[in-house]
Amino acid sequence: MTAFLLVPGTFTGGWIWDRVARALGEAGDTAVPVTLTGLGEGDASGASGTGLTTHIEDLVRIVDAMPAEETEVVLVGHDYGILPVLGAAALRPERVTRIVNVDAGLPQDGDPALVVELDPAVRERAVAAVTAPPEGAGSGLVAPPSAEEWRVRAGAADLSDEAVELLARRAVPHPAATLVQPLPPTGAAASIPYAGLLSTGNGSTVELVESLVRMGEPRVQALTRPGVTLFELPTGHWPMLSAPAELADVLRRAVAGEGRRVAAPEAGSPTHLGPFLLDVPERARERHGRVDLYLPDAEGPRPAIVFVHGGPIAADARPTPRDWPSYIGYGRYAADLGVVGAVLDHRMYGLGALATAAGDLAEAVEQVRADPRVDGDRVALWVFSGGALLSAEWLVAPPAWLRCVAATYPVLAPLASWPRTAGRFNPVEAVRAAGPLPFVLSRVEKEGPEIDATVEEFLLAAEGTDLRLEVIPVPGARHGFEAVDHTDPARRAVERAARTVLEHLEG
C-alpha cells in the first residue's frame, strides 16, 4: 500500500489537498492531508515555540505511526511544505520511499524557507514578526494575504474565483519562526528517490531546468542524480486547486518511477562560460570595486557603456559574471569601438535582492560618470536577461546624460512564478510613462516562451509612448547566445546593436 502524506505550504492546512486526496483514495491509495502545528483553523497553539523543527516533528510522528511492513510512505510537499518534508525524510530515510516536490523551489540543507518564498510582502512580514520587540508589532505570526493579494500572488493567475475565495476564507496566520529557521544540514535525504512537479503556468519547465544544468547553476545539479524524475503540468502554483485529478495522476506515476530524467552536463565548462562569439583583441581591465573598466586607445574623455548582467544569481557562484567570457568580451568590444566598457558585478542574489542590485547599478553609474576618462554626459546602459528589470526606473524620467538603453534577451516583467512588482522593477509597467529615450532591444528567436511573453507585453505597452524603440532580431539564437550560438546572424546582431548604441552615444 502507498500512503501519500500531503504537506501544504504557508497559511494553509490539509484542507487544500481535499480533492487530490479524494482522487488518490478512489484509485486505492491512502492519502493523509497534513495540517501542521499552528495552521489549523482555530488552532490555539499560535506561534509560541513553533518553528520548522516543530513541523518536521509533526511529520516524523505520522511516518512512525504508519505500519512499517505494509506501507510505502511518500512525502509530498508544496510551497513551504517541502522544507518539513525534507527534514522529516532526513530523519527517517529508511521509511520514506519517495519525496515529491510540488512546484516548491529547491531549498538546500541550511536554507530557511524564505529562500523559496518569492512574495516580498510575506518576507517582510516574517522578518518583522520575528524581530520586532515584544511591545512592538511583532506577534510571531505572519498575517495571511488578503483576497486581493491572493489574486495577484505569484502563480495564481489560473485560479478560479471560487478557489481564490476559498484561500482567502480559510487561510490562517503562519508561525513566522518556521520561515526563518534553517533546514537542518544533515544531507540524509539525498539518497531518497525524488520527483519534481513543475507548473508550466508558473514559469517552470523541464527545458528551463535543463538549461540551468548546462549553465552550471549549483542548485539544480542535484536533479541530475539517479532516482530523480520530473513532470510538467500546464497550470499555476496551486495544482491541488486548479488541476487536482491531474496532480493525483502525477503522484501515482511518480511512485511508479515515471517522469523525465535530466542528464548530467557533459565534462567541460558550463555553457555560460563558453567563449564570446566575436573575436575581439585582448585588453587589460581595471577593477574598481564592483566595476571593471575596459579603456579605449582614444584620447580624451570618451562615452561609456555600463553592462548589467542578468539574474538572479547564486551568491556563491564562481566565477562571478564580470569574469564570464561573454561580459569580458562585451567590455573589450566596447573599448575596441572607442568607448569605455564598464562591466558591473551587481548583487541580485535572489528576487528579494532587486533593490540591492538597483543600488549597485546607481552607484556604478555615478562612479563611471565621475571617472575623468569618461564623458559623463554620454552614457548608455546595456542590460541582459533578468538584469533588464533594473532598467524600469530609468525609463520613466531618463536623465540627460543617459543616451540609450540596450537590452539583450531581456526579462521585461516579472515571470509568472515571480512576485508581480509594479513600476520600479517592472519595465512593462514603467514603459507606459516612458520618456523620449532610445531603447535597443535584441530579441532572440528561440527564447523561452515565459520570457518572450514579457517582451511581447513590453512591445505592446510601448506603443504610443515617447520611447524610441528599435528591435533587432537574432535569428536562430537562444538565451545567452553569445556563448553558445556562434553563427553569422548572431554576430551581425551584436555588431548592429553595438553600432546603434554608439550612434546614440556620439549623437
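Let me start with Trp-382, which counts as buried, with a relative accessibility of 3%. Buried here means under 20% relative accessible area, so a residue at 3% falls in that class. Before I go on, please keep in mind that this is a predicted model.

Trp-382 sits in strand β13, which covers residues 374-384. What does Trp-382 touch, once its neighbours within four places in sequence are left aside? The contacts include Ile-305, Val-306, Phe-307 and Val-308. Tyr-330 is another, and so are Ala-406, Ala-407 and Thr-408. The list also takes in Val-494, Ala-497, Ala-498 and Val-501. With Thr-408 there is also a polar contact between the two side chains, at 2.9 Å. One further distance: the C-alpha atoms of Trp-382 and Cys-404 are 8.3 Å apart, although 22 residues separate the two along the chain.

Helix α17 runs over residues 488-506, which makes 19 residues. Why does its length make sense? At 1.5 Å a residue it should span 27 Å, and its end C-alpha atoms are 27 Å apart, so the two agree.

How many cavities of 30 Å³ or more does a search of the whole structure find? It finds 1. The volume of the largest cavity is about 40 Å³. Trp-382 is one of the residues that line it, along with Ile-305, Phe-307, Tyr-330, Tyr-333, Ala-334, Leu-337, Ala-498 and Leu-502. Strand β11 (302-308), helix α11 (325-336) and helix α17 each give at least two residues to this lining. The largest share, 3 residues, comes from α11. By class, the lining has 9 nonpolar residues, no polar ones and no charged ones.

Strand β11 also holds Arg-302. Is Arg-302 buried or exposed? Its relative accessible area is 17%, and that is under the 20% limit, so it counts as buried. A polar atom of the Arg-302 side chain lies 2.8 Å from the backbone oxygen of Gly-338. Apart from neighbours within four places in sequence, Arg-302 is in contact with residues including Gly-338, Val-339, Val-340, Asp-375 and Glu-506.

The peptide bond from Gly-311 to Pro-312 is cis, with omega near 0 degrees.

Two residues have backbone angles worth a look. Tyr-409 has a phi near 35 degrees, a positive value in a residue that is not glycine. Tyr-409 is placed in the loop between β14 (402-408) and α14 (427-430), and it is buried, with a relative accessible area of 7%. The other is Phe-11, with a positive phi of about 70 degrees, again not a glycine. Phe-11 is found in the loop between β1 (2-7) and α1 (18-26), and at 0% relative accessibility it counts as buried.

Phe-11 is in contact with Leu-39, a residue in the loop between β2 (30-33) and α2. Leu-39 counts as buried, at 1% relative accessibility. Among its other contacts are His-55, Val-172, Pro-173, His-174 and Pro-175. Pro-175 is 136 residues away from Leu-39 along the chain, yet their C-alpha atoms are separated by 8.0 Å.

Last, an open space. The second largest pocket holds about 490 Å³. Which elements give two or more residues to its lining? They are α2 (52-65), α3 (82-91) and β4 (96-102), and the largest share, 4 residues, comes from α3. In total 27 residues line this pocket, and those nearest its centre are Leu-86, Pro-107, Asp-109, Ala-189 and Ala-190. By class the lining has 16 nonpolar, 7 polar and 4 charged residues, whereas the lining of the largest cavity has no polar and no charged residues.

That is the end of the walk.

Key
Residues numbered from 1 in each chain as written. Predicted model: local features only at pLDDT ≥ 70, side-chain atom pairs only at ≥ 80, totals over all residues. Heavy atoms only, no water. Expected span 1.5 Å × (residues − 1). 1 Å grid on protein atoms, 1.4 Å probe; cavity = no way out; pocket = protein on both sides within 12 Å on 5 of 7 lines; lining within 4 Å. Points joined across faces, edges and corners; volume = space filled by probe spheres on them. Nonpolar A, V, L, I, M, F, W, Y, C, P; charged D, E, K, R; others polar. Buried < 20%, exposed > 50% of the residue type's maximum accessible area, 1.4 Å probe, protein only. Polar contact = N/O pair within 3.5 Å; in protein donor to acceptor, adjacent residues only side chain to side chain. Contact = heavy atoms within 4.5 Å.
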